[in-house]
Amino acid sequence: YIINFVYLLILTMDTILKRLFLIPALTLFLVAGTANAQASNMPSAGLTPESAMYFLDRLGENLQEFFTFNKEAKAKLQIEFANERIAEIKILVETKGPETKGIEKAKTLLIGNVARAAEIVQEVKSSGEEVSALAKELDDEFDRQEQLLVQTFQEAQKKLKEDRLAAIQKLIEEAQKLGDAEQVAGLKAQAEELVLSIAALKSVRNDIKESFRSEKRKIEDELADE
């Protein structure tokens, strides 16, 4: 246990140090880094909200934003952070299920990233600068991320239906042929739990999507006002 903890600490601190070393050059390389993230079908994730060391990952992001002084770069940084939140949600959905508490935390942070981007756009506009190009870029990227979110939950639902639920249905049929009532009852209970999990995935998906769209709409409103 201690060895695993130390190993995780080293990996996490390595991530923090990399962020800190990149801070002085952030303004120069942020756009290129964001473009690479945009080209990926699904972002990669490090620690998840259920990790005891997750706060270090968050600390690294907070420091990165703190030392990013250009407003436009700061807004675009939210895209990168949101990508990580989506990757965390994907991992948690696939490994822990829709009921895990980490999903709610990742969702809160994700919505916060979109809200922060919208806030920065409003700040830039209030200063008298033109924001249509920035707002359009953010809106397009958050549209793509919304699609990734929906895709994540749809794939998880499909996997439960076509793999696990279908396999249990076959086992039920075999047990019925053998006349094993006890096994049939047990398998049916498992099938019912899976059906509930599938419904829960849909519910969580809709909840995150609605919150995501609500914040993204603020950016779209800025576009409409231009």
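Student: How much space lies in the largest cavity?

Tutor: Let's take the general idea before the case. Rolling a probe the size of a water molecule over the atoms shows where empty space is left. On a 1 Å grid over the protein atoms alone, a cavity is a set of points where a 1.4 Å probe fits but cannot get out, while a pocket is an open set with protein on both sides within 12 Å along at least five of seven lines; lining residues have an atom within 4 Å of a point. Grid points are joined across faces, edges and corners, and the volume is the space filled by probe spheres set on the points. Here, the largest cavity holds about 30 Å³ of space. Searching the whole structure turns up 1 cavity of 30 Å³ or more.

Student: What should I know about the model before I go on?

Tutor: The model is predicted: local features need pLDDT of at least 70, side-chain atom pairs count only at pLDDT 80 or more, and totals for chains, interfaces and linings use all residues. Residues are numbered from 1 along each chain as its sequence is written, and side-chain values use heavy atoms, with hydrogens and water left out.

Student: Which residues line the largest cavity?

Tutor: Its lining consists of Glu146, Leu149, Val150, Phe153, Arg205, Ile208 and Lys209. To sort them, count Ala, Val, Leu, Ile, Met, Phe, Trp, Tyr, Cys and Pro as nonpolar, Asp, Glu, Lys and Arg as charged, and the others, Gly among them, as polar. That gives 4 nonpolar, no polar and 3 charged residues in this lining. H6 brings the largest share, 4 residues.

Student: How many helices and strands are there in the chain?

Tutor: Helices (H or I, at least four residues) and strands (E, at least two) are DSSP runs, numbered from the N terminus. In this chain there are 7 helices and 0 strands.

Student: And how much space lies in the second largest pocket?

Tutor: About 320 Å³. Its lining has 17 residues, with Val93, Gly97, Leu160, Arg164 and Leu194 nearest the centre. By the classes above, the lining divides into 7 nonpolar, 4 polar and 6 charged residues. Helix H4 (71–95), helix H6 (132–178) and helix H7 (181–225) each contribute at least two residues to it.

Student: How do I read a nonpolar core?

Tutor: Begin with burial: buried means under 20% relative accessible area, exposed over 50%, and partly exposed in between (1.4 Å probe, protein chains only). A nonpolar core is then a set of buried Ala, Val, Leu, Ile, Met, Phe, Trp, Tyr and Cys residues joined through side-chain atoms within 4.5 Å. In this model the largest nonpolar core has 41 residues, and Ile89, Leu110, Leu138, Phe142 and Ile208 have the most contacts inside it. H4, helix H5 (101–126), H6 and H7 each supply at least two residues of this core, and H6 gives the most, with 13 residues. Apart from this core lies another, of 5 residues, among them Leu47, Met53, Tyr54 and Leu56.

Student: Which residues does Ile208 touch?

Tutor: Contact means heavy atoms within 4.5 Å. Leaving out residues up to four places away in sequence, Ile208 touches Ile89, Ile103, Lys107, Leu110, Ile111, Leu149 and Phe153. Ile208 also belongs to the lining of the largest cavity.

Student: How many aromatic pairs are there?

Tutor: A pair of aromatic rings is described by the distance of the centres and the angle of the planes. Rings of Phe, Tyr and Trp (its six-membered ring) pair if their centres lie within 6.5 Å; planes under 30 degrees apart count as stacked, over 60 as edge-to-face and the rest as tilted. The count here is 2. Phe66 and Phe67 form an edge-to-face pair, 5.0 Å centre to centre with 85 degrees between the planes. Phe66 counts as exposed because its relative accessible area is 57%, whereas Phe67, at 34%, is partly exposed. Phe142 and Phe212 form an edge-to-face pair too, at 6.0 Å and 80 degrees. This pair links distant parts of the chain, with Phe142 in helix H6 and Phe212 in helix H7, 70 residues apart.

Student: Are Phe142 and Phe212 buried or exposed?

Tutor: Both Phe142 and Phe212 are buried.
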